[in-house]
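Keep the sequence beside the 3D view as you read.

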Amino acid sequence: MDGNGRWAESRGLPRVKGHHQGVNAVRKVVKYCGDIGVERLTLFALSSENKGRPKEEVKWLLKLFLATLKLEVNKLNKANVCLEVIGDMSMFGKQLQEGVASAEKLLSSNTGLKLVIAANYGGKWDITQAVRKIAELNKSGGVRTSAIDESLIAQHLCLSGSPVDLLIRTSGEQRISNFLLWQLAYSELYFTDTFWPDFDERCLEEALQSFEGRARRFGR
Ligand code: IPE
Ligand code: MG
C-alpha cells in the first residue's frame, strides 16, 4: 500500500491525512475481496525499514493501526474474516500487542477471507527468524542437517511460506521492498500509478483482469 504521503502532499495536506485516507481504501479492498471469494489478502502496512521514518509518523501509524483494528474488528467478524498479523511485534507497545492478540483470537475460527496484516515485517526478517528456529531444532537434535529442505524452511516462515499468486504495488514504484521474499518466488507482479488512498474496487478488478491474462508456467 504505497503513495499515502504523496496523495496527501499533492493536496497540500499533511502526510498523516494520506494514511488516514488509506484506511478507507483498505476497507473497500477487504470488503471486495471477501465478496468475490479471494482466499487470502496480505496487506503490507509497515515494513521493517519504515521504523526509520520520523518518530512522530511511526507513532501515528501504529496508533492508526490499533484504532482501526478496534473500530473494525466486529465488522470483520460479521463478515467472517479471519485475521493474522505477521511481523516483529516485539517493538510494539503492550497495548498494541494485546489489541492484535485479542482481535486475532476473536476472528480465529472464521472461515471467510483470510486477512493478513504485515506490520514491522520484512522478508529478510522472516527468513532470519525461520533460520533461527531451525538452528535451535538442529542443535537439540530435532532435525538432522541433511533433512533441512525447502519444505522444512517453508514450515517455519510466516504464512507457512505459502505462495502468493498476485502482488499489487501502488503509486508507480516498481520494487518488492523486502515484502514476502520467499513467498513471492513465482508471484505475478502488478504495478499501478494509482496512489493507495485512491485504490478502489475498480482498480482491484483491473489488477485481477491483468492476472487472469497471465500464462503461469512456474519455470516449466
Ligand atoms: C504507504 O505510503 C504507507 C506506509 C508505508 C505505511 P507512504 O507513506 O510510503 O507514501 P509515499 O510513498 O511517501 O507517498
Ligand atoms: Mg512509500
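In this predicted model, strand 2 (residues 82-86) pairs with strand 3 in the parallel sense, over five bridges. One contact to look up is Cys82, whose bridge partner in strand 3 is Lys114. Between these two strands comes helix 4 (residues 94-107). Together, strand 2, helix 4 and strand 3 form a β-α-β unit, and the unit is left-handed.

Now turn to strand 1 (residues 40-47). Strand 1 and strand 3 run parallel, joined by seven bridges. Here Leu43 stands opposite Ile117 of strand 3. Strand 3 spans residues 114-121, and seven of its eight residues are buried. It is therefore largely enclosed by the rest of the structure.

Next, the surface. Ile127, Val131, Ile176, Leu181 and Leu189 make a nonpolar patch of about 350 Å². Look at Ile176 in that patch. Ile176 sits in the loop between strand 4 (166-169) and strand 5 (188-191). Its relative accessibility is 31%, so Ile176 counts as partly exposed.

Finally, the cysteines. How many disulfides does the structure hold? It holds zero. A disulfide needs two cysteine sulfur atoms within 2.5 Å. For Cys33, the closest cysteine sulfur is that of Cys203, 13 Å away, which is too far for a bond. Cys33 is buried, because its relative accessibility is 3%. Cys203 is buried too, with a relative accessible area of 8%.

Methods: Residues numbered from 1 in each chain as written. Chains lettered and ligands numbered in written order. Predicted model: local features only at pLDDT ≥ 70, side-chain atom pairs only at ≥ 80, totals over all residues. Heavy atoms only, no water. Patch = residues over 30% accessible without salt bridge, like charges linked within 9 Å, V, L, I, M, F, W, Y side chains within 5 Å. Areas by Shrake-Rupley, 256 points an atom, 1.4 Å probe, with all protein chains shown as cover. Salt bridge = Lys/Arg side-chain N within 4 Å of Asp/Glu carboxyl O. Helix = DSSP H or I, 4+ residues; strand = E, 2+ residues; numbered from the N terminus. Buried < 20%, exposed > 50% of the residue type's maximum accessible area, 1.4 Å probe, protein only. Pairing = 2+ DSSP bridges. Right-handed = clockwise from strand over helix to strand, strands pointing away.
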